[in-house]
Amino acid sequence: MSTVAPTDAAIDTKTLLSFRDVEMTFPGGTVALRGVDLTVKRGEFVTVVGPSGCGKSTLLRIASGLETASDGEAVMSTDRIGYVFQDATLLPWRTVRENVELLAELNEQPKAVRRKKAGETIELVGLTGFESHLPRQLSGGMRMRASLARSLTLEPELFLFDEPFGALDEITRESLNDELIRLFTETHFAGLFITHSVSEAVYLSTKVVVMSGRPGRIVDQFEVPFDMPRDPEIRYTGEFARLVGEISHALREGHH
Ligand code: ADP
């Protein structure tokens, strides 16, 4: 076995998540996933698209450790995993700052440390000035920003997103997509993102993975060739539209 310290290049491409032949059969017999092979490396932002009920959330829950695969191998090479859900899951009686501090508080970080960290991540997501607001005083997009800030306090190496912007209007969603790309390029986490929107997938990701209907299998993968951070104008180019078209086609084929 080698004892040589990894080079910078090796660190940069560290595999953070590796699924080999993962199967998930729930008690009762529902087979949600079958034969899923997937890797996510540092520097990658991988988005999964697939029809409803094909096992996308299940895949993310296995990646987070909330659920255990019934067969195959799921290896997470970090315990710094962030998880953002479909709704912002903020505690209604806590202010933005108190919500953002929550995970650090549960990890028993000293008060001064978590206060500083919360201030930094609140600034990162553009919520400075709203620290004392309660969730109900915020828009849906701002609540999602607070949820992102809360996960960022743990400095995730692997960041899991379960369709976080699905309930937001298109303008808010586009601005959060740009925000997320900025966070990805500035804080260097690896992303695994679920969405129903193929254009959101192409815009955000370095790779798009297409799943079939249940039991969910990976039927196709597409590398996204555009530079990070993304130029918002790429959405209106022919190249972008062609890739969205190809992925949509693969999605329809896999649905059968
Ligand atoms: P998606 O996120 O793609 O919509 P899910 O991963 O939520 O799909 O679900 C995949 C399938 O597994 C669905 O048929 C769902 O009903 C089933 N399922 C999910 N969680 C459980 C569970 N805890 N027990 C039994 N069946 C489940």
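R235 and E174 join their side chains in a salt bridge, 4.0 Å from N to O; the term covers a side-chain nitrogen of Lys or Arg within 4 Å of a carboxyl oxygen of Asp or Glu. R235 sits in the loop between β9 (218-223) and α9 (238-255) while E174 belongs to helix α7, so the contact ties together parts that are 61 residues apart in sequence. Helices (H or I, at least four residues) and strands (E, at least two) are DSSP runs, numbered from the N terminus. R235 is buried at 16% relative accessibility, whereas E174 is partly exposed at 25%. Here buried means under 20% relative accessible area, exposed over 50%, and partly exposed in between (1.4 Å probe, protein chains only).

R235 also lies over the face of Y203, 3.7 Å from the ring centre. For a charge to sit over a ring, NZ of Lys or CZ of Arg must be within 6 Å of the ring centre and within 35 degrees of the ring normal.

## About the model

This is a predicted model, in which local features need pLDDT of at least 70 and side-chain atom pairs count only at pLDDT 80 or more, while totals for chains, interfaces and linings use all residues. Residues are numbered from 1 along each chain as its sequence is written, and side-chain values use heavy atoms, with hydrogens and water left out.

The structure holds 16 salt bridges. Another of them links R173 and E200 at 2.9 Å, N to O. With R173 in helix α7 (residues 170-187) and E200 in helix α8 (residues 198-204), this pair ties together parts that are 27 residues apart in sequence. Both R173 and E200 are buried.

Let's turn to helix α5. E120 bridges to K116, with the closest N and O atoms 3.1 Å apart. The two are 4 residues apart in helix α5 (residues 111-124), about one helical turn. E120 is partly exposed at 35%, and K116 is exposed at 56%.

## Aromatic pairs

Now for the rings: there are 11 aromatic pairs in the structure. Rings of Phe, Tyr and Trp (its six-membered ring) pair if their centres lie within 6.5 Å; planes under 30 degrees apart count as stacked, over 60 as edge-to-face and the rest as tilted. F45 and F193 make a tilted pair, 5.8 Å centre to centre with 45 degrees between the planes. F45 is in strand β3 (residues 45-49) and F193 in strand β7 (residues 190-194), so this pair ties together parts that are 148 residues apart in sequence.

F45 is buried at 1% relative accessibility, and F193 is buried at 0%. Both belong to one aromatic cluster formed by F45, F159, F161, F165, F184, F189 and F193.
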